[in-house]
Amino acid sequence: MLMELETSEGVEESEKQRSAPKRETPSRMADLSELLKEGTKEAHDRAENTQFVKDFLKGNIKKELFKLATTALYFTYSALEEEMDRNQHHPAFAPLYFPMELHRKEALIKDMEYFFGEDWEKQVQCSEATQKYVERIHHVGQNEPELLVAHAYTRYMGDLSGGQVLKKVAQRALKLPSTGEGTQFYLFENVDNAQQFKQFYRARMNALDLNLKTKEKIVEEANRAFEYNMQVLLGAGWKGASDGVS
């Protein structure tokens, strides 16, 4: 549940550029991806050092908790992708709409069927923490669609970055089938090269016609997304996570 960080490609500005108002500076730091990298670094570092992340990477995870996490992801992505579909033609989001490559709901349904059976919908419910996250996503999608960028970027880029590692850890720790049952969420069948796709996605994001104030609001929303994700993990039972949510 971590957001992928980018490598800074900033260059030195001239004295004239440094003295100019930030809004008028053609610095690469005005790129949304760079602003997100700098603006969420602290949250990202805290998230990486939670007990959950450390335990997961060591393979210390129980199937029941993994099932709860999968359930939370199902409700989260159902909300996110509903709002992405709603805003697929909105100019502040349309360039980032890649349902074939990125959408996770159908994959999560397969995972839910594997863990809970065909009647899984009758067995699961949305936790309080996840419901708050879902409500925020719906609010953003219906009232401030430009902020949807923060939630999409935070989720999907993180999934593409660490998905294969987490998939292998889960398969080994939980003795899941190597054929993918239970870990479909981590499989992006329509993304041939994750690194290249992430670069393409960042370029699309940087090309969005947004002013600096809006970009700063997106960074703020990305930090909020970290907080929601951490609260979801705590609500699912990972009480060992750090006190500071991110």
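1. Surface first: the protein chain exposes about 12,600 Å², and carbon and sulfur atoms supply 47% of that area. Accessible areas here come from the Shrake-Rupley method with a 1.4 Å probe, and for residues only the protein chains shown count as cover. Of the 246 residues in the protein chain, 50% count as buried.

2. Ground rules before going on. This is a predicted model, with local features needing pLDDT of at least 70 and side-chain atom pairs counting only at pLDDT 80 or more, while totals for chains, interfaces and linings use all residues. Residues are numbered from 1 along each chain as its sequence is written, and side-chain values use heavy atoms, with hydrogens and water left out.

3. On the fold: the protein chain has 12 helices and 0 strands, and its elements read α-α-α-α-α-α-α-α-α-α-α-α from the N terminus on. Helices (H or I, at least four residues) and strands (E, at least two) are DSSP runs, numbered from the N terminus. Among contacts in the protein chain between residues at least 6 apart in sequence, 80% join residues at least 24 apart. A contact means heavy atoms within 4.5 Å.

4. Have a look at helix α2 (residues 32-39), which is mostly covered: 6 of its 8 residues are buried. Those buried residues are Leu32, Ser33, Glu34, Leu35, Leu36 and Lys37, so the list takes in charged side chains as well, given that Lys and Arg count as positive and Asp and Glu as negative, with His and the chain ends not counted. Glu34, found in α2, counts as buried because its relative accessibility is 2%. Glu34 and Arg202 are 168 residues apart in sequence, yet their C-alpha atoms are 9.5 Å apart in space.

5. Buried or partly exposed: how do Glu38 and Lys37 come out? Glu38 is partly exposed at 40% relative accessible area, whereas Lys37 is buried at 16%.

6. Another pair to check is Glu82 with Arg86, a salt bridge whose closest N and O atoms are 3.6 Å apart. Both residues lie in helix α5 (residues 63-86), 4 residues apart, about one turn of the helix. An α-helix has 3.6 residues a turn, so residues three or four places apart point the same way. Glu82 is partly exposed, with a relative accessible area of 41%, and Arg86 is also partly exposed, at 45% relative accessibility.

7. Then there is Glu221 with Arg224, where the closest N and O atoms of the salt bridge are 3.1 Å apart. These two both lie in helix α12 (residues 212-235), 3 residues apart, about one turn of the helix. Glu221 counts as buried at 2% relative accessibility, while Arg224 counts as partly exposed at 28%. As for networks, salt bridges that share partners join Glu82, Glu83 and Arg86 into one.

8. Not counting residues up to four places away in sequence, Arg136 touches Glu144, Leu147, His151, Glu221, Arg224 and Tyr228. Arg136 lies in helix α9 (residues 128-143) and is buried, with a relative accessible area of 14%.

9. Which residues does Leu102 contact, leaving aside its neighbours within four places in sequence? They are Glu81, Tyr156, Leu160, Phe188, Phe197 and Tyr201. Leu102 lies in helix α6 (residues 99-102) and counts as buried because its relative accessibility is 0%.

10. Last, the charge on the outside: Glu113, Glu118, Asp119 and Glu121 gather in a patch of negative charge on the surface. Patches are made of residues with over 30% relative accessible area and no salt bridge, with like charges joined within 9 Å and nonpolar side chains (Val, Leu, Ile, Met, Phe, Trp, Tyr) within 5 Å. The place of a charge is taken as NZ of Lys, CZ of Arg, CG of Asp or CD of Glu. Asp119 sits in the loop between α7 (105-116) and α8 (120-123) and is partly exposed, at 40% relative accessible area.

How values were computed. A salt bridge is a side-chain nitrogen of Lys or Arg within 4 Å of a carboxyl oxygen of Asp or Glu. Buried means under 20% relative accessible area, exposed over 50%, partly exposed in between (1.4 Å probe, protein chains only).
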